[in-house]
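Take a moment with the model below.

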Amino acid sequence: MRALQVLAAFVGFVLGLLTLAVVTLVEWVWLSEPTRTNFAYVGDYSYGSVSVAIQPSYILVALAYPVVGALLGWLAARIAIRFGWKLSRGDS
């Protein structure tokens, strides 16, 4: 029973990391494009390579995605165990 919980929590953790990576890439691509203002291309330097700042809220979000994924995986495993699911080796 514990192996199912650990496996589901690990899968949730990995999915949380993948979600964080996708969200980061989308945000980076979306916000790094220059915008046209008054017939001139103006870049948004707050998210570009000119000034890079790490804020504590971003660190908390980066930690929250995998942790929430792991908790949801563990919770799903607990519910599955209640309904009779188990990991087994060999024939049942």
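Leaving aside its neighbours within four places in sequence, which residues is Gly12 in contact with? They are Pro66, Gly69 and Ala70, where contact means heavy atoms within 4.5 Å. This is a predicted model, in which local features need pLDDT of at least 70, side-chain atom pairs count only at pLDDT 80 or more, and totals for chains, interfaces and linings use all residues. Residues are numbered from 1 along each chain as its sequence is written, and side-chain values use heavy atoms, with hydrogens and water left out.

Gly12 sits in helix α1, which spans residues 2-31. Helices here are DSSP runs (H or I, at least four residues), numbered from the N terminus. Gly12 counts as buried because its relative accessible area is 9%. Buried means under 20% relative accessible area, exposed over 50%, and partly exposed in between (1.4 Å probe, protein chains only). The C-alpha atom of Gly12 lies 7.3 Å from that of Leu71, although 59 residues separate the two along the chain.

Gln5 belongs to helix α1 too. Gln5 is buried, at 11% relative accessible area. Beyond its neighbours within four places in sequence, Gln5 touches Trp74, Ala77, Arg78 and Ile81.

Now turn to Phe10, also in helix α1. Phe10 counts as exposed because its relative accessibility is 53%. Phe10 is part of a nonpolar surface patch with Leu7, Val11, Phe13, Val14, Leu15, Leu17, Leu18 and Leu87. Together they have about 800 Å² of accessible area, computed by the Shrake-Rupley method with a 1.4 Å probe, with only the protein chains shown as cover. Patch residues have over 30% relative accessible area and no salt bridge; nonpolar side chains (Val, Leu, Ile, Met, Phe, Trp, Tyr) are joined within 5 Å, like charges within 9 Å. A salt bridge is a side-chain nitrogen of Lys or Arg within 4 Å of a carboxyl oxygen of Asp or Glu.

Note on methods
Helices (H or I, at least four residues) and strands (E, at least two) are DSSP runs, numbered from the N terminus.
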